[in-house]
Amino acid sequence: MPVILQGIVTILIGVGGCVAYFYVSNYVLDRFIFPAKGENIGRNINRANAVRPWLFLFPAIFVLGLYLVYPVVGSFVRSLYGRDPEVFVGLGNYTQLFGSETFQIAFLNNLGWVIVVPAASTFIGLVAAQLTDKLSWGSFAKSMIFMPMAISFVGASLIWKFVYANDAEIGLINAIRAAMGFDDPIDVLQIPFWNNLFLMVILIWIQTGFAMVILAAALRGIPDETIEAAILDGANPWQLFFRIKVPQIMPTILVVWTTITVLVLKVFDIVYTMTGGNFDTEILPSYMMDFMFRDDGRATAIAFVIMIVVLPVMFWNIRQARREMR
Amino acid sequence: MDNIAGQKSSLAWATNISVVALVLLWLIPTVGLLVSSLRERDQISESGWWKAPFPVELTARGRTGTQAAPDGDAFVVTGNIYDDEEARTYFPDGGGDVVAFGTRGVDPTEFAAGTTADLGDGESLTVNADGTYRWVTPEDPGDRGQRVYFAAQSPPEFTLGNYRQVLTADNMDRAFVNTLTVTIPATVIPILIAAFAAYALAWMDFPGRGLLIALVVGLLVVPLQLALVPMLNLHNRIGIGQSFMGIWFAHTAFGMPLAVYLIRNYMAGLPRDIIESARVDGATDFELFVRIVLPLSLPALAAFSIFQFLWTWNDLLVAKVFLPSDDASKVMTVKIADDLLGSRGGDWGILATAAFVSIAVPIAVFFAMQRFFVRGLLAGSVK
Amino acid sequence: MKPIRTLLAGAAALALGPGYAAAQDLEFEIGEEPFSWDSLEAFRSAHDFSGESIDITGPWTGRDAELVESVIAYFEEATGASVNYSGSDSFEQDIVISTEANSAPNIAVFPQPGLLEDLAQRGAVTPLDPETAEWIAQTYAAGESWVDLASFEGPDGNENLYAFPYKIDVKSLVWYVPEQFEEAGYEVPETYEALQELTQQIADDGVTPWCLGLGAGAGTGWPATDWVEDMVLREAPPEVYDQWVTNEIPFDDERVVAAIDAYGWFLQDGFVNGGREAAATTDFRDAPSGLFSFPPECYMLKQATFIPTFFPEGTEIGVDADFFYFPAPESGDLGQPVLGAGTMFAITVDSEAARGFIEFLKTPLAHEIWAAQGGLLTPHKEINPEVFPSDSQRELNDILLDATTFRFDGSDLMPGEIGAGAFWTQMVEFTTGSQDAQATAAAIEERWSGLGQ
């Protein structure tokens with residue numbers, strides 16, 4: 001199969017190329033441009049150290065700039081234009097958005113998603129990580145909880161259709177209701193307010209495994225001495241967990257939280273396939289897809305609102321990074 | 001002492017039980033998917049997947065024969081309803097006992113099996129549990145038998161047909177290879193690039209570092225839909241066009257913020273004294289990175305690689321935009337979405353199977369990597 | 001030796017690619033009855049594109065893709081060109097991206113005119129010549145309405161024909177199971193009034209007359225828009241319909257509100273399987289199953305020509321299930337309006353061969369090949385009706401040929417945010433009963449008037 005060969009060759013070229021770039025550029029820097037010898041040795045070392053970070057960063061900055069920063073800037077400019085890319089409307093798209101009822105619903109729902117999903121996934125993941133930590137069959141349990149991570153969003157939506165369906169013959173919830181003696185099936189996706197939570201459950205189900213795996217690693221990373229000292233001080237298991245372990249792994253919790261938040265802001269598939277945004281379940285990413293490729297001005301404006309929603313998490317991260325640097 | 005030991009074992013019990021509960025809760029939907037993937041479309045919409053292992057009562061219909069034997073003034077038709085071709089289509093694996101029958105669609109279970117139904121005008125019909133019937137009619141039935149509706153037990157039915165259809169679809173092997181061709185480089189290359197950048201952001205001092213970190217976090221949320229059209233334009237202009245090369249670049253770039261973010265955070269948590277002492281020993285940053293930081297960061301690299309692998313594996317959008325749409329370069333997700341589902345979007349059986357086939361490889365990868373993963377994670381406990 | 005040879009053969013097959021695979025199997029042998037082979041021969045003698053190749057992208061996948069490829073095979077056979085068809089489930093998104101990125105195929109098959117109009121205005125579509133417009137007007141039943149449908153203002157402000165309509169879906173159909181009708185003693189209604197009476201009668205008998213499902217994932221709600229469009233055509237003259245879909249009259253015009261209410265009449269308690277709330281989320285692909293259960297969960301389903309794909313396996317149309325025309329009111333003189341949808345071939349990257357392909361679509365044979373395998377309806381007046389595989393397909397096509405008024409699916413003609421957005425979601429709200437017709441229409445009108453410039 002030539003495709004396989006091509007793939008292997010690419011991996012080799014890609015990986016080899018990357019390694020070669022880093023190696024050669026460092027070598028050239030240290031040997032030829034600012035050699036750490038001769039009369040200017042001190043100055044040269046300093047100069048080399050000032051340049052080196054940029055050598056390390058260059059490929060990442062290059063692809064980020066080209067594939068993400070440039071389109072973001074372009075999109076921001078686009079969001080100032082109307083449906084017709086020639087007509088400048090200033091902030092018209094934004095003011096119109098905030099005036100529209102659907103957008104307000106989507107915005108509020110999205111806030112709910114951004115709070116509930118990361119919180120629930122991280123919390124359940126943390127509990128699962130702690131509980132499975134000492135179990136003999138812990139890694140099996142972890143694999144089972146991790147499994148939903150591997151399922152595509154469309155597949156996941158299908159799975160949950162078999163849970164939520166408005167028919168006691170197909171939907172698990174209604175089957176359980178029927179077994180308990182309620183005759184009329186309910187459509188959980190049409191119950192105002194709660195339907196949003198039912199949709200969030202799907203993403204929580206998917207993301208908990210991720211949180212658990214990362215947090216389990218972090219929990220194991222806590223030095224034994226810390227834990228032993230706490231036990232000697234008479235801490236009970238609850239105190240040990242919430243007072244000692246959780247604060248220790250706070251940086252990791254932040255990472256998990258951020259990663260899941262980011263995902264929440266990108267996932268439109270679940271709402272898209274489950275309710276199509278009806279029954280007041282619209283969220284910003286799926287609302288954006290309604291405009292995408294039709295009214296790009298409006299779509300890009302929504303994209304920028306999405307980015308604003310994530311600002312608090314960004315600030316939290318930057319503060320954390322500052323603290324680490326000290 | 002006893003007290004503490006008792007507390008400990010009851011705690012262990014509680015832990016075991018709650019983990020079992022959690023695992024079951026998490027597993028139920030997936031089991032539903034697995035069971036559904038083994039059923040036919042008609043059955044999936046007929047009964048819940050949890051009922052699949054049990055025989056179901058199915059309502060079917062057929063017609064009696066027309067071979068009438070005169071009996072006094074009347075004609076008698078006897079036979080077995082399961083001999084009727086139409087009735088048999090409902091029970092490909094043979095039907096069970098007939099429970100009830102009727103002659104009208106609105107009330108298909110009007111009469112219990114074994115009883116004689118009076119159809120008026122001297123006409124009557126009896127259907128027994130084994131499917132045999134006796135139809136008495138005052139007129140010669142001609143060439144059209146009596147319509148019979150009946151309810152009978154149907155044995156549980158599983159099929160590998162969905163899997164056969166998904167796995168043997170034309171060029172599916174090709175699509176599988178294509179998917180691997182996309183995912184592996186798209187997972188490996190960003191890790192390398194990101195690891196260097198993460199190291200610089202975590203352990204090297206230079207002006208603008210804080211700003212760059214903020215930028216990376218900010219770029220995490222960029223919806224990639226924004227980048228699709230400008231990037232495809234760019235690829236066309238520089239001659240890459242729609243190709244594997246293009247999609248590797250695209251995935252590398254789209255995965256980059258998360259990679260840098262995850263790996264940088266991990267590296268920043270590494271013990272300062274190890275790195276300082278290596279620096280004192282005269283190691284250059286390059287050596288320091290390759291010999292010390294990179295091996296210590298394996299858990300983070302593994303975590304990200306799983307994330308990126310799953311993402312590229314399940315990706316549909318980027319593949320559609322950056323790969324040509326001919327059969328030779330379709331990946332599995334595109335193949336399934338376009339060729340298998342397409343106009344048959346309602347075929348839950350195929351959908352379930354496709355979802356299952358597509359998780360098989362990531363799960364295998366996860367299991368295979370788990371030992372390495374756990375070891376890497378334990379190695380990370382130097383903190 | 002043997003393995004090497006097989007390997008080589010495999011490589012050769014790969015190298016020759018899809019063109020080779022398609023050209024070798026013609027579905028019907030040339031000369032076989034009852035096809036119009038002379039039209040192919042005439043086309044063959046006038047066109048030769050040996051060595052050229054064209055790309056076609058369209059919305060057809062799965063079985064439909066095989067069918068369109070079986071038609072394309074005759075074009076390849078006659079001209080020597082090689083054609084690469086690729087179908088996509090998300091065609092609309094793909095074509096926008098590929099035209100913006102200059103990687104468009106030669107021909108794109110548009111499932112709805114709204115998107116085509118957008119692209120035509122941006123200059124991404126090449127206009128067809130005026131003779132083609134004339135040809136359609138003369139050869140298609142209700143030809144002028146087809147020409148109007150595919151004609152738009154181009155970037156230069158001139159109105160041109162931009163696409164060639166081919167393969168039509170009829171939407172004004174009601175599907176039923178003849179045997180259940182017969183058993184219960186129901187008659188197929190000839191007028192709209194009779195349909196209402198029948199609905200009432202079935203409900204009075206203690207059973208449910210209609211199956212209805214609006215669920216379609218992101219597209220949830222569209223089946224209800226078909227209902228409303230058919231109602232508008234039955235409440236008001238076609239000119240009102242045209243003004244409605246272009247927003248010349250507001251969406252909450254009283255005649256449109258009346259049409260939404262007319263649809264609402266069918267949602268009364270006991271008229272819809274599972275009740276109106278369940279109907280809003282029942283998947284439209286699952287809705288037909290109610291017709292075929294015992295006892296029947298419903299007796300009628302209003303849906304377009306494509307729906308038999310979702311009937312239980314082995315259902316024979318005309319025997320196990322059949323359809324009737326969603327009838328027009330006896331009162332008034334609105335004739336027999338037919339609502340439909342259809343696909344249109346447009347040239348996105350011009351070439352001789354691409355234009356040749358449009359010419360090929362004018363031959364009756366291009367329609368007959370697909371029609372003979374089922375699933376294609378055409379207003380082409382010169383095709384041989386004998387090619388249809390069953391009487392019911394022929395009757396279906398007759399509905400199209402006899403239409404006094406043909407109107408294209410209005411939601412496809414409206415701007416995407418309305419026709420594939422607000423109209424859908426608001427109809428879901430109306431169907432569940434959470435708002436009345438006036439509020440529904442007003443909400444859509446508000447969205448429409450608020451559209452960005």
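How many residues does the contact take from chain A and from chain B? In this predicted model, in which local features need pLDDT of at least 70, side-chain atom pairs count only at pLDDT 80 or more and totals for chains, interfaces and linings use all residues, the contact takes 83 residues from chain A and 88 residues from chain B, two residues being in contact if their C-beta atoms, placed from the backbone, lie within 7 Å. Residues are numbered from 1 along each chain as its sequence is written, while chains are lettered from A and ligands numbered from 1 in the order in which they are written.

On the side of chain A that touches chain B, helix 2 of chain A gives the most, with 17 residues; helices (H or I, at least four residues) and strands (E, at least two) are DSSP runs, numbered from the N terminus. The residues of this side divide into 60 nonpolar, 16 polar and seven charged, where Ala, Val, Leu, Ile, Met, Phe, Trp, Tyr, Cys and Pro count as nonpolar, Asp, Glu, Lys and Arg as charged, and the others, Gly among them, as polar.

Helix 2 (residues 41-79) of chain A packs with helix 7 (residues 225-237) of chain B at an angle of about 100°, their axes lying 9 Å apart, which means that the two helices are roughly perpendicular. Axes are lines fitted to C-alpha atoms, for helices over the stretch in contact, and angles run from 0 to 180 degrees between N-to-C directions; angles of 65 to 115 degrees count as roughly perpendicular. From helix 2 of chain A, A:Y67, A:L68, A:Y70, A:P71, A:V72, A:G74 and A:S75 meet B:L226, B:A227, B:P230 and B:M231 in helix 7 of chain B, and by class this contact has nine nonpolar, two polar and no charged residues.

Between chain A and chain C, 24 residues of chain A are in contact with 20 residues of chain C. Two or more residues come from each of helix 3 (92-99), helix 12 (269-274), helix 13 (284-291) and helix 14 (296-309) of chain A, and the side of chain A that touches chain C has six nonpolar, eleven polar and seven charged residues.

A residue is buried if 20 or more other C-beta atoms lie within 10 Å of its own, exposed if 12 or fewer, and partly exposed in between, with C-beta atoms placed from the backbone. Not counting residues up to four places away in sequence, B:A197 touches A:F56, A:L57, A:A60 and B:V260.

In helix 14 (residues 352-361) of chain C, C:A353, C:A354, C:G356, C:F357 and C:F360 are buried; seen down the axis of this helix, its buried residues fall within an arc of 155°, so they line one face of the helix, the arc being that of the directions from the helix axis to the C-beta atoms.

Turning to the backbone, the peptide bond from C:E33 to C:P34 is cis, with omega near -5°, and C:P34 is found in the loop between helix 1 (2-24) and helix 2 of chain C. A positive phi, near 55°, is found at A:D280, a residue other than glycine, in the loop between helix 12 and helix 13 of chain A.

Conventions
Angles under 35 degrees count as roughly parallel, over 145 as roughly antiparallel, 65 to 115 as roughly perpendicular and the rest as oblique.
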